[in-house]
Every structure is written in C-alpha cells, then in structure tokens.
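Thanks for coming. I have one structure to show today, and I will go through it from the overall figures down to single contacts. Please have a look at it first.

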Amino acid sequence: MSDMANREATLTRSLSGDWRRVATFRRLLLTIFVLGQTLTACYFLLWILPYHGGTKVELGLLVLFALLYMWIAVGFWTAVFGFLLRLVGGDRYSLLKRHAGKDLEATPLARTAIIMPVYHEPVYWTLSGLKAVYQDLERSGHLGQFEFHILSDSRDPNVWLEEQATWHQLCRELGAEGRLFYRRRRVNLNFKSGNVADFLRRWGRRYRYTVVLDADSLLSAETIVRMVQLMEREPQVGILQTAPSIINGESLFARVQQFSNRLYSTLFATGLAAIQMGDAAFWGHNAIIRVKPFMEHCGLRKLRGFGLFRGPIMSHDFVEAAYMGRAGYEVWLEPGLRNSFEESPPTLSDELSRDNRWSRGNLQHLWILLFGRRLRLAHRMALLNGVMAYMASPLWLAFLILTTVEAVQMTVARIDYFPEGHQGLFPLWPEWRPEWALGLALSTLSLLFIPKFLAILDSVIHGTARQFGGALRLFISVLAEIVVSVLLAPIRMMAHSRYVLGALLNLSLTWAGQNRTQETTWRDAFLTQLPGMVVAVGWSAFAWSLDPMFFLWSLPVAVPLVLAAPTSVLLSRVGAGRALRSWGILLIPEERVPVKVLEDARAARRNGEERSLLTAVEAAVVRPRLNRLHQALARNVRLTRRAELLAPLVERFSSEGPESLSRSELSQLFRDRQSLAELHKLAWQAPPDSFWGRRINFLGRTSWSRATRY
C-alpha cells in the first residue's frame with residue numbers, strides 16, 4: 001500500500017472513531033442555542049401576559065408556547081448549521097468526505113437487491129419508474145450485481161393482475177428474465193414492514209445489501225453504485241439514507257412542494273446530517289440497508305399497550321433505525337448523494353389523507369420512545385421529532401384556545417387582583433405590553449422565514465441560483481411559497497389536530513393507494529374544508545365582539561381557514577402550475593438540466609398513457625397469452641375445495657360477468673390455475689351477444705393498453 005493510501009486509511013479510521021465526540025459537541029451546542037433562545041422568549045411572554053404567569057391559564061399558555069417555540073427553534077438552528085457548513089465546503093466528517101472519488105470508483109460492488117413494495121398504485125406509471133432505474137444501471141455497466149424485486153401487497157384483482165402482466169411485459173422488453181422478479185403476498189400482514197420482512201426471510205440471504213424504493217422513487221445508477229461502494233468501505237454502517245428531492249410536480253400544490261423541498265432541504269438536510277451523524281433517522285425508502293444485521297436486529301414486534309399502542313407498528317422506518325443503532329451499527333444521512341427523487345401528492349386533500357395515515361404511525365412512536373429498551377438518546381429524539389410533526393398542531397390549537405380564554409377573562413370577566421396562587425398583601429395588577437407582544441411575534445416568525453432567505457443566499461453564494469431561474473425569479477418563487485405556506489398552515493393545523501384525536505381514540509382507518517393526477521373539485525373542497533371555515537368565521541366574529549384588537553390578532557389564522565376551499569381547489573390545478581413554470585417561477589434545477597433517469601421514466605410513462613376498454617380481470621380471461629401467464633403464476637387448489645367453492649364462482653362469473661363477484665371471490669378464482677383455464681374456455685365459447693362475447697369483439701377493434709396487449 002502506498003504512503004498516500006496509508007494516510008487515507010488512517011484518516012478514515014480517525015474520522016470514523018471521532019464522530020461520536022463531534023456529534024456530542026454539536027448536539028450540546030444546538031441544545032444551548034435552542035434552550036437559551038426559548039428561555040429568553042418565555043421571559044418576554046411572561047411580561048407580556050397580564051398577570052405575568054400568575055393564573056392557570058397563563059401557565060398553560062407559557063408551557064405550550066415553550067414547547068412550540070422550542071420545536072421551531074430546533075428547525076431554525078438546524079438550517080443555520082447547514083448554511084455555515086456549506087460555507088466552509090461541507091462536513092468533513094460525512095461519509096463521502098472520508099473517501100477520495102477515485103478510491104470509491106475502484107471499490108468492487110457486492111450483490112444487491114433493489115426492492116419496490118407496492119400497494120394499489122397506478123401500475124404502469126409505477127413500474128415505468130423501476131424500468132428507468134433498471135435501464136440506468138444497465139447503461140452504467142454495473143447491472144450484473146443487482147437484482148430487482150416488485151413486492152406487491154395489492155388486494156384488488158384488477159390491480160395485481162395488471163401488475164403481473166406489466167411485470168412480464170417489462171421482463172420481455174428489458175431482457176430481464178431472471179433479474180426482475182415479482183411476488184405478491186397472499187396474506188397482508190404488518191403493512192409495508194411486513195412485506196419487506198417477508199421478502200428478507202425468503203430471499204434476504206442471497207444479498208449483502210438491499211436498496212429500498214417507494215412506488216414514486218427514482219434513483220440514478222451513479223447514486224446506487226456510490227451507496228454500495230460506501231457501504232463496502234464503511235462496514236460499521238447499517239443503513240445509509242439519501243435526501244430525496246421531490247420531482248414531477250404538475251399541479252400548483254405539487255410545484256410549491258417540490259420547489260420548497262429542493263431549495264430548503266439543502267440547508268436542512270446538511271444541518272440535520274451534521275447533528276445526527278451516525279445516529280440518523282431512516283425514512284423507509286431511497287436508502288440502502290445492510291441485510292444481515294437488519295434481519296438479525298430490526299424485526300418489529302407488535303406493541304403490547306392499549307388502543308393505538310397495541311398491534312403492528314405502522315410507521316416502521318424510525319424504529320428500524322433505532323434498533324440498528326441499538327445493535328451497534330451506524331445510520332447515516334448523506335446529503336451529498338444526489339439524483340435521489342420521489343414525488344409528492346398532487347393536491348392538498350391527498351397530502352392530508354396521507355398525513356392521516358402517517359400521524360397514526362408517528363404517534364405510535366410515543367410508546368417506543370417511552371418504553372423502548374437500550375435505545376440511543378439521539379434515536380429517541382428522532383422518534384420525538386416524528387411525534388411532534390403532528391402533535392405540534394393540537395398544541396398550537398390549544399394555545400389559540402387558551403389565548404381566547406385569556407381575552408375573554410380580560411374583556412368580560414371581573415378583574416381578579418388576587419388570582420389563585422397569588423399570595424401577599426398587595427394586589428396583582430394586570431398589565432398589557434402590546435409593543436412587547438408585537439416584538440415577540442415578529443421574532444417567532446423570523447425563526448420560520450430566515451432559513452428561507454438563507455437558502456436564497458446559499459444558492460447565490462454557490463452559483464446555483466440560475467438553476468432556479470435566476471436570482472430574481474428565485475426570490476419571487478420564495479415569496480410565492482411563503483404566501484402558500486401561510487395559507488396552508490392553519491388548514492394543516494385543523495386537519496392534523498383532528499387526525500391526532502382520531503388516532504388517540506383509535507378510530508378505524510382505511511389504507512389506500514395515492515392519487516397522482518386528479519384535481520380537487522369545488523364540491524369535495526367545500527365538503528372537506530367546511531368545518532374549519534365555519535369555526536374560523538365563528539371565532540373571528542366572537543373575537544370582534546370581544547375586542548377589535550383581538551380580532552386583528554385572529555385574522556392570520558382565521559382568513560386562511562375561511563379561504564380553505566378555494567385555496568384547495570386553486571392549488572390542485574395543473575394549469576396554474578404549468579403557467580408559473582412557463583414564467584420561470586417555482587423552477588427546480590432538474591427542470592433545466594435533464595437527468596437521464598428522470599427523462600427515461602417520463603418517456604416510458606408517456607408511452608403508457610393509452611387506456612384499454614377492458615379491465616385487467618376481463619383481459620386476463622379473454623387474452624390467450626395473458627391467461628397463460630396468469631395460469632403460470634397461479635397455484636393448484638385442492639379438488640375438494642375447487643368443487644365446493646370455486647366451481648359455483650366460475651359458473652356465476654362466466655354467466656353474469658365480474659361484477660357479480662366480490663373482490664375476495666375474484667381473488668380466489670384468479671389464484672387457481674384450473675379456474676383460470678376454465679374461465680378462458682367458457683368466455684370464448686360464449687354467444688356473441690353475451691357479456692363475454694361482447695368483450696371478445698373488442699379484440700379486433702380496440703387498441704390495447706400495455707397490460708393487455710398480448
């Protein structure tokens with residue numbers, strides 16, 4: 001080994017061994033800044049409150065303010081850390097900084113599985129993204145070390161039959177037989193984590209690593225290869241997480257989300273990675289996992305509490321990272337790994353529906369946070385961070401309620417010069433300091449808005465502003481994003497508060513695939529947002545009756561709630577998003593500089609836009625080649641069960657069509673090889689004027705979708 005290589009190896013060992021000491025110092029520094037700033041703000045609040053914290057209501061206000069201010073301050077200082085680190089060229093302790101590019105390039109790859117769990121997703125759209133990743137790896141010359149697995153939990157036969165057909169078509173197009181696999185679980189247990197665990201139990205020992213993708217994930221070959229090389233050179237790392245950028249936004253809402261993610265996450269991800277270091281969180285996708293320790297240490301037992309805290313863990317990723325850390329392995333977030341992408345919901349209603357599911361999983365983490373054994377403090381803080389992502393909303397709502405109570409007491413009730421808890425011979429005189437209140441409000445808002453303008457400064461310093469359309473358009477885009485954020489914050493507060501309450505009461509919830517194209521109608525918007533609109537109007541009217549000044553203070557929350565329905569409709573419009581893009585507003589670099597894997601995915605999805613007049617179930621019956629494919633993937637049911645259960649279903653299906661059977665009955669039929677053969681035979685023997693005769697007539701006069709063109 002050369003002297004240079006020896007020096008690099010020594011430096012790598014030194015950096016690897018020192019990161020915990022550095023992380024402790026950085027976390028202590030963050031704690032001092034956050035607590036110091038919060039205590040100062042609380043001091044000002046005490047002097048602003050009429051009784052200076054001398055009543056129970058004011059003490060409640062103080063506690064809620066401290067929690068919310070601390071939550072905001074953590075985000076503020078994380079962004080400041082990221083800005084300062086980027087000024088000095090990045091974090092020298094990050095994984096990428098430890099290794100020279102040429103040394104990483106020379107690192108051989110290990111056998112790796114690329115897995116994509118899916119559940120009721122738009123099939124061709126989703127698998128076209130996986131196809132783009134496959135093609136990118138093939139172009140890179142590294143395909144030989146990777147195998148792809150589609151892991152389906154879909155229950156609807158029209159979905160999973162299309163998945164099977166599209167997978168087979170991709171295998172033929174790519175020549176990927178023996179490298180691109182499809183498997184559907186017949187028993188859907190423990191959500192996505194159960195799907196991944198089932199795959200690892202069956203096939204995990206074939207691979208050293210697995211790269212986890214979501215249905216909307218895209219990773220470039222360069223990024224995937226670099227992840228494997230880093231894992232090879234850092235054997236103590238159990239999970240390596242990228243910082244995905246949001247792409248492909250069409251609606252105004254999606255474009256605002258992807259712009260804010262792309263611009264601001266540069267600072268936040270850099271700061272977060274520098275604070276967490278080897279105790280980072282895992283976000284469940286766009287990451288690489290070391291299979292052996294993950295299988296040994298990251299199995300998720302069911303919670304043994306009550307209500308929400310009993311049963312399978314719904315949000316698995318943070319917990320798996322905590323368990324990996326407990327086993328002595330490191331979890332890293334590496335913002336320097338570029339070309340990692342995902343997509344956001346296209347509308348506000350879709351985002352809130354997703355948050356309804358996510359809030360339940362995050363709130364479950366309270367149980368693990370409090371009762372999990374031997375978890376590292378940093379991972380407990382990550383779990384708390386996930387909980388606060390949703391608990392902050394009901395805390396904010398409670399703060400507004402107590403503020404209203406305080407205003408009522410000062411306006412309507414008799415002034416109490418000796419409030420409960422106040423002792424002494426002298427009365428406690430209520431005092432208002434409106435100028436202090438204004439200053440505190442502005443300082444709190446500055447914690448939210450300063451990081452946004454730091455991101456502009458960062459892009460100008462590093463010469464990336466032109467990739468967002470230039471400095472002027474970038475500034476206008478940030479102002480537009482701030483306006484939208486102000487409009488959405490109260491709407492999200494009301495929705496998240498409702499979700500948290502529903503989760504804590506353990507109300508039932510249905511899981512479904514994500515909408516990716518549909519705009520919000522006025523009817524849906526008013527039905528969804530009407531409760532919040534009514535509450536806002538009533539609250540503002542009450543505030544006006546109390547005090548015009550209090551009414552003015554209520555407007556920043558009340559006005560967005562009153563405008564919630566038109567805001568939801570406007571933000572869902574694709575035309576509005578495209579118009580702003582044509583003006584150079586809310587641009588992201590990937591829209592100006594093409595990325596090959598994105599271009600491939602978009603091209604494949606455009607080619608699959610045509611629709612068939614047949615459903616996947618109907619095509620599986622009438623198309624000879626498709627029927628044979630599904631037979632090959634089906635199993636042989638016992639003769640007694642077929643005679644008792646399936647034979648009557650075959651007869652009813654053949655005579656009355658698919659609508660006569662439930663989803664469960666259809667699934668039973670299409671899982672049986674002989675039933676599939678019988679259905680195909682009976683359909684082709686049906687009279688021309690029957691249901692199946694009319695479907696077969698489409699064969700000669702329609703264009704077939706990708707899923708049925710066989």
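A residue is called buried under 20% relative accessible area, exposed over 50%, and partly exposed in between, with a 1.4 Å probe and protein chains only as cover. By that rule, buried residues make up 55% of the 710 residues in the protein.

Two remarks on the source. This is a predicted model, where local features need pLDDT of at least 70, side-chain atom pairs count only at pLDDT 80 or more, and totals for chains, interfaces and linings use all residues. Residues are numbered from 1 along each chain as its sequence is written, and side-chain values use heavy atoms, with hydrogens and water left out.

Now the elements. Helices (H or I, at least four residues) and strands (E, at least two) are DSSP runs, numbered from the N terminus. The protein has 26 helices and 12 strands. Contact means heavy atoms within 4.5 Å. Of the contacts between residues at least 6 apart in sequence, 83% join residues at least 24 apart.

Next, the sheet. Two strands count as paired if DSSP finds at least two bridges between them. There is an open sheet of 7 strands, in the order β3-β2-β1-β4-β8-β6-β11, and its pairing is mixed. The edge strands, β3 (180-184) and β11 (330-333), each pair on one side only. From one strand to the next the twist averages 20 degrees. Axes here are lines fitted to C-alpha atoms, for helices over the stretch in contact, and angles run from 0 to 180 degrees between N-to-C directions.

Which strands pair with β1, and in what sense? Strand β1 (residues 112-118) pairs with β4 (residues 209-212) in the parallel sense over 4 bridges, and with β2 in the parallel sense over 7 bridges. I114 stands opposite V211 in β4, while the bridge partner of V118 in β2 is S152. Because 7 of its 7 residues are buried, β1 is largely enclosed by the rest of the structure. On one side these are T112, I114, M116 and V118, and on the other A113, I115 and P117. In general, side chains in a regular strand alternate between the two faces of the sheet.

On to salt bridges, meaning a side-chain nitrogen of Lys or Arg within 4 Å of a carboxyl oxygen of Asp or Glu. The count comes to 35. One of them joins D279 and R27, at 3.1 Å from N to O. D279 is in the loop between α9 (252-276) and β8 (287-290), and R27 is in helix α1 (residues 3-48), 252 residues apart. D279 is buried at 1% relative accessible area, whereas R27 is partly exposed at 21%.

In another, K131 and E173 have their closest N and O atoms 2.9 Å apart. K131 lies in helix α5 and E173 in helix α6 (residues 157-174), so the pair ties together parts 42 residues apart in sequence. K131 is buried at 13%, and E173 is partly exposed at 39%.

Last, the surface. L438, L442, L445, L448, M549, L552 and W553 form a nonpolar patch. For such a patch, residues need over 30% relative accessible area and no salt bridge, and nonpolar side chains (Val, Leu, Ile, Met, Phe, Trp, Tyr) are joined within 5 Å. Helix α14 (434-461) and helix α17 (548-562) each supply at least two residues, and the largest share, 4 residues, comes from α14. L448, in α14, is partly exposed at 41%.

Note on methods:
Patches are made of residues with over 30% relative accessible area and no salt bridge: like charges are joined within 9 Å, nonpolar side chains (Val, Leu, Ile, Met, Phe, Trp, Tyr) within 5 Å. Accessible areas come from the Shrake-Rupley method with a 1.4 Å probe; for residues, only the protein chains shown count as cover.
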